[in-house]
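Here is a short briefing on a structure with its sequence. Look at both first, then read the points below.

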Amino acid sequence: MDKKDAQSRLMDYLYDEMEPEERREFEEILQNDSALKQELDDMQSTRKLLQQDDTEIKPGNLLLIKPDSDTSKNDRSRFSKRSKIFTLSAVAAIAAAILLSFAVFSFMTLQVSHTDRGTLISFGSATLPQETNEPDQTEAYITKAEFYDMMDEVQDRNSQVMATALQQTREQHQQQMEDVIQTLTTYYNQRRQQDLILVSEGLAQLEEETYYKFLQTEQTIEDLIFALNVQQSND
Amino acid sequence: MNELLLIKQVQKGDRDAFSRLVETWHGKIYRFAYRFFADEADAHDITQKTFIKTYQNVAGLKEPEKFSSWIYRIANNLCLDELKRAGRRKSTSLEAYIEQADGIEGEETAPDTELQNKELGTILQKALLMLPDEQRAVIILKEYEGLKFREIADILEEPESTVKSRLYYGLKSTRRVLTNWNIKHEYLNNG
């Protein structure tokens, strides 16, 4: 059994990856080879020590981010994702505007009612005027044209509310983007600083090693000169 | 669910299946990377990259039954790449460290008997970091992941004899480092 073979069988035995017959044979060899037996004991104690490492290794949450190199492949999907985000933002803004309108109108208690004399729109509680023959009493009613004007005005207000909501959403997105850029910038700066520190340390170590070697060379030369001098003086 | 079936579903583009696969393998890959670097941030980074590569390339995996070896190979290669990228300053050479250890041998350090388990864990992680990369990978896969020699050979794409040889020298080197740290009497000789 040569050295390589002995190592290989030692590992098989140590990790219990031997056939029973082979195992018996190896145990016989061990009984007659104290050096190999000692090596096995050393390996077993080292293994036992390694197994005592009960450090709790807990993985954190995993966030999978595709690397930059794949961006070209995924441009289309990224674009569609961006479109989706924009569409979602728009829908959210419209919903917010409608809710806001409802809130405003419910606060003002808009009343719209139709009668055979026209359409009555009022804010707050309004009671329909009693029918009378006096022409002055018709002032509470509005014409169809005025009704459309008013609706146009309401639509304009809705548009303004929506525009404001959209503007706010855009500003929020911009703010988030700026935050992300700021975070990335900080991160890359830190990495750069770390890299610089590593480079500096490397240079310092190199310098130290070179200096040490220089000293060693100097010492060797001095020793040689000394030895030559001694030899010359002996001659 | 059977892992082979799960992998085949992932190969067909089933994202839920991929999530389940990540759940299954997340801990193992993180543990491997953590023991390789003894650093949480590096371990997290390697784990993340491993699953991204897995997602990108799993469709082309011709032998799904060898997924285990394949994903460990990805993780191991990424660890080696990271070492290259970092200019190999994340690990100290064994010889250099033993020199350092010789230097501090006479200093007042915590006596063996006072070593707590936590400290022991830290010391063992440091000892692993001292080993050459290929020996460290084999020790982690064998000792902590409990893989067979055949499986490790498959992961590293090396003959079994090479794997055994690396493990042999890895264990010897670990013992050497620990002995130099004066840990011999309380632990190593109680084996």
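Helices (H or I, at least four residues) and strands (E, at least two) are DSSP runs, numbered from the N terminus. By that rule, chain A has five helices and two strands. Chain B has nine helices and zero strands. This is a predicted model, in which local features need pLDDT of at least 70 and side-chain atom pairs count only at pLDDT 80 or more, while totals for chains, interfaces and linings use all residues. Residues are numbered from 1 along each chain as its sequence is written, and chains are lettered from A and ligands numbered from 1 in the order in which they are written.

**Chain A**

- Along the sequence, the pattern of chain A reads α-α-α-α-β-β-α.
- A residue is buried if 20 or more other C-beta atoms lie within 10 Å of its own, exposed if 12 or fewer, and partly exposed in between; the C-beta atoms are placed from the backbone.
- Chain A has 235 residues, and 5% of them count as buried.
- Two residues are in contact if their C-beta atoms, placed from the backbone, lie within 7 Å.
- Take the contacts in chain A with a separation of 6 or more: residues 24 or more positions apart account for 48% of them.

**Chain B**

- The pattern of chain B along the sequence is α-α-α-α-α-α-α-α-α.
- Chain B has 191 residues, of which 33% are buried.
- Of the contacts in chain B between residues at least 6 apart in sequence, 68% join residues at least 24 apart.

**Where the chains meet**

- The contact takes 28 residues from chain A and 35 residues from chain B.
- On the side of chain A that touches chain B, the elements giving two or more residues are α1 (3-14) and α3 (34-51) of chain A.
- α3(A) gives the most to that side, with 10 residues.
- The residues of that side divide into 12 nonpolar, eight polar and eight charged.
- Here Ala, Val, Leu, Ile, Met, Phe, Trp, Tyr, Cys and Pro count as nonpolar, Asp, Glu, Lys and Arg as charged, and the others, Gly among them, as polar.

**Two positive phi angles in chain B**

- B:A38 is not a glycine, yet has a positive phi of about 55°.
- B:A38 sits in the loop between α2 (15-37) and α3 (40-57) of chain B.
- B:A38 has 19 other C-beta atoms within 10 Å, so B:A38 is partly exposed.
- B:E157 is not a glycine either, and its positive phi is about 55°.
- B:E157 lies in the loop between α8 (149-156) and α9 (160-180) of chain B.
- B:E157 counts as exposed because it has 11 C-beta neighbours inside 10 Å.
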